[in-house]
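Thanks for coming. I will walk through one model, helix by helix, and stop at a few residues on the way.

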Amino acid sequence: MNKSGMSTVTQFVLLDFPGPWEMQITLFSIILLVYILTLTGNMAIICAVRWDNRLHTPMYMLLANFSFLEIWYVTCTVPNMLVKFLSKTKTMSFSGCFTQFYFFISLGTTEGFFLCVMAYDRYLAVCRPLHYPSIMTGQLCVILVSLCWMIGFFSHSIPTFFISQLPFCGLNIIDHFLCDMDPLMALSCAPTPIMEHVFHSVGCLIIIVTILYILGSYFLVLRAVLQIPSSAGRQKAFSTCGSHFVVMSLFYGTIMVMYVSPTSENSVAMHKIITLIYSVVTPVLNPFIYSLRNRDMKFTLHHFLCVMRIIQTSSIGFVKPNE
């Protein structure tokens, strides 16, 4: 909680997507459907990897952890957004707002590092296939996953704490559907350009370093794939690496557009739309991209669903005679 003597703000008002009640109901229904699909799709990937021993490889273990991350990424914003659509009071407590901000920015940063690790995994699998089993071991996979989570959360803990200690007085209206950096800094009574500059610099540095690493990895992968003599080998490599590259493009494409887009009268509305894309839309697309472009994942999911259907049918048949 902000302990400054100038602070009088105890809660913030999030405007979300203002409009008539009918539009609020429509947006609520669409985003609720997207949220359910996100949870279902990512949980299906986690269950498939856990259930099928053939998928107990570094690539699929990383994919399962990535799906787990996506579930938390949407959960830190969407449930609160859904409540605001149906509520006349669109307020959020001071501590709740900064908690959401911290988790949102930390989980987003963690996702960037996860994409780097997945790109490194594909680089080893394609460019150094003979050394892949000895390099990408289960122990290294656990270490890399742990580092992604730790760096993602620790890198923003101190800046977020100092921002929360700024004095907030007067206006408490945030024209957004979540607590983000720029709207919060705009409401501070004592603007600190240095702190804002440091926060943006750290964020931009992480984005630039991770995207350059990912692009460099996939450039080497593409060069190695084009040298594969058999068309079947090239197709398999493109199938597994292509899905990773599509996910990376969706995530970083929207983030880069948000950071490089010029300020205009529609910048607030554009900021909301772009944030909605990479925080809500992209997570729901990831399971479809991975499952539709990966033969092993499609087979396991299909088998898993068939088994669940058989179990459900058997349980219904077992219950009926007792009724």
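I start with the covered residues of α1: Gln 24, Phe 28, Ile 31, Val 34, Tyr 35, Thr 38, Gly 41, Asn 42, Ile 45, Ala 48 and Val 49 are buried. Buried here means under 20% relative accessible area, with exposed over 50% and partly exposed in between, using a 1.4 Å probe and protein chains only. As background, an α-helix has 3.6 residues a turn, so residues three or four places apart point the same way.

Some housekeeping. This is a predicted model, in which local features need pLDDT of at least 70 and side-chain atom pairs count only at pLDDT 80 or more, while totals for chains, interfaces and linings use all residues. Residues are numbered from 1 along each chain as its sequence is written, and side-chain values use heavy atoms, with hydrogens and water left out.

The protein has 12 helices and three strands. Those are DSSP runs numbered from the N terminus, with helices being H or I of at least four residues and strands E of at least two. Of the 323 residues, 44% count as buried. The accessible surface is about 16,800 Å², and carbon and sulfur atoms account for 71% of that; the areas come from the Shrake-Rupley method with a 1.4 Å probe, and for residues only the protein chains shown count as cover. Taking contacts between residues at least 6 apart in sequence, 80% join residues at least 24 apart, where contact means heavy atoms within 4.5 Å.

Back to α1. This helix covers residues 21–51, and its 31 residues reach 44 Å from first C-alpha to last, close to the 45 Å expected at 1.5 Å a residue. The expected span is 1.5 Å times one less than the number of residues.

Gln 24 counts as buried because its relative accessibility is 5%.

**Helix α2 between two partners**

Next is α2, residues 58–75, whose axis comes within 9 Å of the α1 axis and crosses it at roughly 155°. Axes are lines fitted to C-alpha atoms, for helices over the stretch in contact, and angles run from 0 to 180 degrees between N-to-C directions. The two helices are therefore roughly antiparallel. On the α1 side the contact includes Tyr 35, Leu 39 and Met 43, and on the α2 side Leu 63, Ser 67 and Ile 71 are among the residues involved.

For the wording: angles under 35 degrees count as roughly parallel, over 145 as roughly antiparallel, 65 to 115 as roughly perpendicular, and the rest as oblique.

The other partner is α6, residues 138–154, with axes within 10 Å and a crossing of roughly 25°. That pair is therefore roughly parallel. Here Pro 58, Met 61, Leu 62, Asn 65, Phe 68 and Leu 69 of α2 meet Cys 141, Val 145 and Trp 149 of α6.

How many of the 18 residues of α2 are buried? The count is 13, so the helix is mostly covered. Its span is 26 Å from first C-alpha to last, close to the 26 Å expected.

Last, helix α4, residues 94–127, which holds Phe 101.

Cys 97 is buried, with a relative accessible area of 0%. Leaving out residues up to four places away in sequence, Cys 97 touches Phe 12, Met 92, Ile 174, Cys 179 and Leu 184. Its C-alpha is 9.8 Å from that of Val 13, 84 residues away in sequence.

Phe 101 counts as buried at 1% relative accessibility. Beyond its neighbours within four places in sequence, Phe 101 contacts Thr 160, Cys 179, Asp 180, Met 181, Leu 184 and Phe 199.

Finally, Phe 113 and Ile 211 are 98 residues apart along the chain, with C-alpha atoms separated by 9.5 Å. With residues up to four places away set aside, Phe 113 touches Cys 148, Ile 151, Gly 152, Ile 206 and Thr 210.
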